[in-house]
Amino acid sequence: MTQDERYMREALKQARKAYALGEVPIGCVIVHQDKIIGRGYNRRNTDKNTLAHAEITAINRASKKMGDWRLEECTLYVTLEPCQMCAGAIVQARITEVVMGSMNPKAGCGGSILNILEMPEFNHQVQVKRGVLAEECTQMLTLFFKELRVRNKLEKEAARERALSEQIPEKKKEESVEMKGKMEYNKK
Ligand SMILES: [Zn+2]
């Protein structure tokens, strides 16, 4: 196993924590001098916070550990290509290298939609490696979305059944009111 694969496995471990919370499984670690100085995983729904992406959490932790907003000489490992916010934060933090697992053609800003990490116009460019343990990273995401679709389908069915079962007594109630009305009318 290469060093990149070893740290990507650590990022995958973080992604599994997100998965366990029912979050899109994305994990990240930041490495400095062969030591992990920051970890993070997606908690956007759990924390109800747009900023709770894996990379932002890992950057926060790493900065705290380094006592510096600059994360020079650091490598960030992330299981999915960063979004525009995280790619921006990576450039802002002056991170030296980013190693990513799966690409994200619908939202990625590390080469898919934009390549914020390597724009020559910015004052900092990041070295980028793509496709490290891509298969495992993709598999976890694919499984998550497959299960999510099943869950959504089951929930929809359950909601429909609930609606149906609520409708029946509702109807019975109406009938009985109607009957009572008739009976009272008959009494008069
Ligand atoms: Zn992000």
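The buried residues of helix α3 pack against α1 (3-20), β1 (27-32), β2 (35-41), β3 (74-80) and α4 (84-92). Here, contact requires C-beta atoms, placed from the backbone, to lie within 7 Å. The model is a predicted one, in which local features need pLDDT of at least 70, side-chain atom pairs count only at pLDDT 80 or more, and totals for chains, interfaces and linings use all residues. Residues are numbered from 1 along each chain as its sequence is written. Helices (H or I, at least four residues) and strands (E, at least two) are DSSP runs, numbered from the N terminus.

Helix α3 covers residues 54-66, 13 residues in total, and reaches 18 Å from its first C-alpha to its last. This is close to the 18 Å expected at 1.5 Å a residue, the expected span being 1.5 Å times one less than the number of residues. The buried residues of α3 are A54, E55, I56, T57, A58, I59 and A62. A residue is called buried if 20 or more other C-beta atoms lie within 10 Å of its own, exposed if 12 or fewer, and partly exposed in between, with C-beta atoms placed from the backbone. Just after α3, G67 takes a positive phi of about 65°.

The helix lies across β1, β2 and β3, and runs at about 145° to β2. Such angles run from 0 to 180 degrees between N-to-C directions, with axes taken as lines fitted to C-alpha atoms, for helices over the stretch in contact.

What is the order of the strands in the open sheet? Five strands form it in the order β2-β1-β3-β4-β5, with mixed pairing. The edge strands, β2 and β5 (127-129), each pair on one side only. On average, neighbouring strands of this sheet are turned by 15° against each other, direction ignored. Two strands count as paired if DSSP finds at least two bridges between them. In general, strands of a sheet pair through backbone hydrogen bonds, either parallel or antiparallel.

Strand β1 can be followed to both of its partners. With β2 it runs antiparallel, joined by six bridges, and V31 stands opposite I36 in β2. These two strands form a hairpin with two residues between them, and Q33 in the turn has a positive phi of about 45°. With β3, β1 pairs in the antiparallel sense over five bridges; the bridge partner of H32 in β3 is C74.

Elsewhere, L143 lies in helix α5 (residues 134-187). Is L143 buried or exposed? L143 is exposed, because 12 other C-beta atoms lie within 10 Å. L143 and P25 are 118 residues apart in sequence and 9.7 Å apart in space, C-alpha to C-alpha.

Note on methods:
Contact = placed C-beta atoms within 7 Å.
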